[in-house]
Amino acid sequence: MEFAQSLRLILPEEILSIGGLVLLLAAAWLGDKASRAISIASVALLVAAAAVTVPTLSGGAMGPDTQAFLGQFRADAFAAYAKLLIYVSGAAALMIAPRFFEQFRAMRAEYPVLLVFAVLGTGIMVSAGDLMTLYIGLEMNSLAAYVLASFLRVDNRSAEAGLKYFVLGALASGILLYGMSLTYGFTGTTSFAGIHAALTGQLSTGALFGVILVLAGLAFKISAVPFHMWTPDVYEGAPTPVTMFFSTAPKVAAIALTMRVALEAFGNQADAWRQVVVFAALASIVVGALGAIGQSNIKRLLAYSSINNVGFILVGLATATQAGASAMLVYLAIYVMMSIGSFVAVLMLRDAESNQIESIASMAGLSRTRPLLGWCLLVMMLSLAGIPPLFGFWGKLVVFRAAVDADMIALATLAIVGSVISAYYYLMVCKTMFFDEPADQVKGASDWAHWALLLIATLFNSPLGYLLTGWFDNLAGKASAALFLAA
């Protein structure tokens, strides 16, 4: 009976696993000519997985009934919240890919299959209740991601991005494994619940090293400073649909996993890891803000923007409170939509020969030559900057409020100062589009999928997004409650 219950709890993963294997066989038999059909089927798989995940979140599932395989897997509301964001990100990456790859005649049937398995790995990550499950999910996502980064074989930058991501990812995995081995050695268990029970009272030096190394390995996956060095190069070199996927789904999974590990497994030792998280948060905010100022490539700028946003999210984790965790989840949802909108807009920057335009200077006067695209991109930039009344402001506000409520006023103040600094480079892009003389280079046409995603993201990040605040607060509250109940 327990095994049957476990199989029921992992239904979303079963859908993606079985469906991914079937699509892999279809890709082998039918070849690249079936790539569009396989992409559509992959989106259908993600929709099906999301459909069976929604009741878990809406019902606020938590407690022992959500544990599968003797606690190694958690199908609770927290995991469901993260999975829904991941599925949305994966579906968006599938929808925008064909138009991009077809210009290089590089659309292959393997792309949607790899993305499905990457999503499967991220789903396992956010549901991990054990260090072993954590590592299995993380490596399943990483192995697919390394291939996706180097997927555009006609572009040397893509091959370079894949190699850098692989080498640095292997280093991070080594750090994580060493931290896991130390944690196991000093607690005698790999279960998050067991680690939580074992790490009480005074923390030994060896166990402290284990905690720090585990968090350091996870910091690489969320591209937090000082483990951010791969992000600008990989974001620039990887195919743009893949870059959009990297900035959303794996980042959501890594942040959610970091929350689960810090607040569940290491929850009794918040004072031991809080200083590390505070440093990573402030350093990411500063490096993300200052590093983007001199960038001339829009994808590299968005890479530093991603680092900057991770810093703001980590402010919520530093509080080690349920309010802070809830604020992080609200920010994550808004960040996903901002990233999707930004990268879709970048994909639509094409010249008359449909070549991708990535130079910020080439976007000069976009508001006059392509007004709708220019205004949509303006909303994305200002929302990322957190300028009211756009919805991105709400994400930062709830995180800062959680820090203030936790009496971390100095941290909130420094984060607000960093937010002001980061607004400079977003406004620089807006100034280029609206006040510079038109470069008149963006002339390529975009398909309906791009416009649909961009308009949805624009409306979401507009002041209309505030209509969703009560709904998001409710869902984030249910998800964070499940996380703290497990702890």
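What we have is a predicted model, in which local features need pLDDT of at least 70 and side-chain atom pairs count only at pLDDT 80 or more, while totals for chains, interfaces and linings use all residues. Residues are numbered from 1 along each chain as its sequence is written, and side-chain values use heavy atoms, with hydrogens and water left out.

Let me begin with the interior. By a nonpolar core I mean a set of buried Ala, Val, Leu, Ile, Met, Phe, Trp, Tyr and Cys residues joined through side-chain atoms within 4.5 Å, and by buried I mean under 20% relative accessible area, with exposed being over 50% and partly exposed lying in between, for a 1.4 Å probe and protein chains only. The largest such core has 183 residues, and the ones with the most contacts inside it are Tyr81, Tyr111, Phe246 and Trp273. Helix α15, residues 322-347, gives the most to this core, namely 19 residues; helices here are DSSP runs of H or I with at least four residues, strands are runs of E with at least two, and both are numbered from the N terminus.

If we take Tyr111 as an example, and leave aside residues up to four places away in sequence, its contacts include Ala93, Leu94, Phe101, Leu148 and Pro241, where contact means heavy atoms within 4.5 Å.

I turn now to charged pairs. A salt bridge is counted when a side-chain nitrogen of Lys or Arg is within 4 Å of a carboxyl oxygen of Asp or Glu, and a search of the whole structure finds 15 of them.

In one of these, Glu13 pairs with Lys83, with the closest N and O atoms 2.9 Å apart. This pair links distant parts of the chain, since Glu13 belongs to helix α2 (residues 11-30) and Lys83 to helix α4 (residues 77-102), 70 residues apart. Glu13 is buried, at 6% relative accessible area, and Lys83 is buried too, at 4%.

A second pair is formed by Glu264 and Arg74, at 2.6 Å from N to O. Here helix α12 (residues 249-265), which holds Glu264, is linked to strand β2 (residues 73-74), which holds Arg74, across 190 residues. Glu264 is buried at 2%, and Arg74 counts as buried at 4%.

Lys164 is partly exposed at 28%, and Asp233 counts as partly exposed at 27%. Both belong to one network of salt bridges with shared partners, which also includes Arg157, Glu160 and Glu358.

Finally, some words on the backbone. The peptide bond from Val225 to Pro226 is cis, with omega near 10 degrees, and Pro226 sits in the loop between α9 (205-221) and α10. In that loop we also find Ser223, which has a positive phi near 55 degrees although it is a residue other than glycine, and which counts as buried at 0% relative accessibility. Leu70, in the loop between β1 (67-68) and β2, also has a positive phi, of about 60 degrees, but Leu70 is exposed, at 73%.
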